[in-house]
Amino acid sequence: MTANAAALKGKNVILGVTGGIAAYKAVELASRLRKIGAEVHVIMTRGAQSFVTELTFREISGHPVSTGMWEKVSHWQVEHIALARLADLVLVAPATANIIAKAAHGLADDMLTTVLLATEAPICFAPAMNSVMWENPLTQRNIKILRELGYHVITPASGHLACGVEGVGRLPEPEAILEEAVNFALARGGVNNTLTGRKILVTAGGTIAPIDPVRFIANRSSGKMGYAIAREAARRGAETVLVSGPTALPEPVGVKTVQVETTEEMRAAVLKGFPTADAVIKAAAVADYVVKEVAAQKIKKTADEWCLELKKAPDILWELGQKKKPWQVLVGFAAETESLVEYAKAKLAEKNLDFIVANDVTRPGAGFNTDTNIAQLIFRDGKREEHPLLTKEALAEIILDRVASLLPPKRKLQDREKG
Ligand code: CTP
């Protein structure tokens, strides 16, 4: 494996396989990617399925294979947008003249073409076709369009072609394709390794406070912000632990997710991961109060009025702030309905944070159960960044950019364990 190829370790590579006799070489490509440690997600066009079976790619990649737009995928929440977002690199190999033409003109009539349009990851084509088709001015014009738009098109090798003639059009050897694709992805910044070798602990969702065996107090947190941060941390190469309260979201690929329900359970999971974490980002909406005496049996509705006695739950973030080592970065969230900056600053100081992400949940587009957020980042030194309405993914990127710049040079795991 070349030094650069190692950059794909833990990264999500979408391997698009289109219909051509060279499709069998894509099997070797998938195998090499897996050996490097990449997560390989194969999308086959209908044409590709005439040459190689879905089963082969499923076995080689260890992931479900997408063969169409509308098929049911059992254990993995794959819809084209999720797959497109997940990708660090999209590699289409072999790429037929047909897929090149479709991509150059923005067609989206199957899973692969849809992902090509919906992703922001670098896209690399490795064409393979008959030499006359390759040299056809239409194909050449389509390739020019793609290259001008920033796609990478690997020039095919020359030699004996499947159609019996000699010429340009052969799919290069898998190793050569891989090297060219990785170099392109690195140059494009598609493979972001800024958190490789770091451990990031994220909390998400709301915790619940049980009342009796069937009832509990909950809050409106959807978990979307924390999940977006965890996904992005993993994409940047971090060993990512997500401690999550109950949510309706699928567990992110490549993230160690610990499911909890109560504040006490979240506290235990967070304290367990904290000593070796380089950064903790507490996006969870933790229940601040718990029921003083949780009933062992279901409470019957006999009384006209019912007073529940609550007591304060432990403040997890405050506790982390007390234990925090100088090399650890601690980030909190503040959801407020008034005096945003003032309250957020007070929490930043009280909980000994490096920065706090403050949002006014009364503003449309901010707060609970939306896909967007309007946040201010307030730092220890008083610096304040005001951000406009952003998707939670975009805000996750900003938060992790700031975390990465605050982290001191890498410490060895042994040193971290020593504290
Ligand atoms: N937090 C925590 N443990 C708690 C409560 C909150 O770790 N028991 C964390 C949250 O994950 C978040 C930040 O602290 O990062 C929120 O601060 P907090 O002061 O608790 O905000 P509110 O719960 O909104 O409190 P207040 O009623 O004081 O506004």
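This is a predicted model: local features need pLDDT of at least 70, side-chain atom pairs count only at pLDDT 80 or more; totals for chains, interfaces and linings use all residues.

User: Which residue has a backbone N or O atom 2.6 Å from an oxygen atom of the ligand?

Analyst: The closest residues around the ligand are K282, A284, D288, L317 and K347. Among them, A284 places a backbone N or O atom 2.7 Å from a ligand oxygen. The distance of 2.6 Å, again between a backbone N or O atom and a ligand oxygen, belongs to K282.

User: How much of the area that the ligand exposes when taken alone does the protein bury?

Analyst: Taken alone, the ligand exposes 580 Å². Of that area, the share that the protein buries is 75%.

User: Which element gives the most residues to the shell around the ligand?

Analyst: The shell consists of 13 residues, which divide into 6 nonpolar, 1 polar and 6 charged. With 3 residues, the element that gives the most is β16.

User: What is the volume of the largest pocket?

Analyst: The largest pocket is the space that the ligand takes, and 39 residues line it, with A284, A285, V286, F333 and A335 lying nearest its centre. By class, this lining has 19 nonpolar, 10 polar and 10 charged residues. The space in the largest pocket comes to about 940 Å³.

User: Which element supplies the largest share of the lining of the largest pocket?

Analyst: At least two lining residues come from each of α9 (224-235), α11, β16 and α12 (340-350). The largest share, 4 residues, is supplied by α12.

User: Which elements give two or more residues to the lining of the largest cavity?

Analyst: A search of the whole structure finds 1 cavity of 30 Å³ or more, and the largest cavity has a volume of about 40 Å³. Its lining is made up of K102, A103, G106, L107, L116, L117 and Y151, which by class are 5 nonpolar, 1 polar and 1 charged. The elements that contribute two or more residues to this lining are α4 (97-104) and α5 (111-118).

Methods
Residues are numbered from 1 along each chain as its sequence is written. Side-chain values use heavy atoms; hydrogens and water are left out. A residue is near a molecule or strand if one of its heavy atoms lies within 4 Å of it. A polar contact is a pair of N or O atoms within 3.5 Å; within protein, one must be able to donate a hydrogen and the other to accept it, and residues adjacent in sequence count only if both atoms are side-chain atoms. Accessible areas come from the Shrake-Rupley method with a 1.4 Å probe; for residues, only the protein chains shown count as cover. On a 1 Å grid over the protein atoms alone, a cavity is a set of points where a 1.4 Å probe fits but cannot get out, and a pocket is an open set with protein on both sides within 12 Å along at least five of seven lines; lining residues have an atom within 4 Å of a point. A molecule sits in a cavity or pocket if more than half of its atoms lie within 2 Å of its grid points. Ala, Val, Leu, Ile, Met, Phe, Trp, Tyr, Cys and Pro count as nonpolar, Asp, Glu, Lys and Arg as charged, and the others, Gly among them, as polar. Grid points are joined across faces, edges and corners, and a volume is the space filled by probe spheres set on the points.
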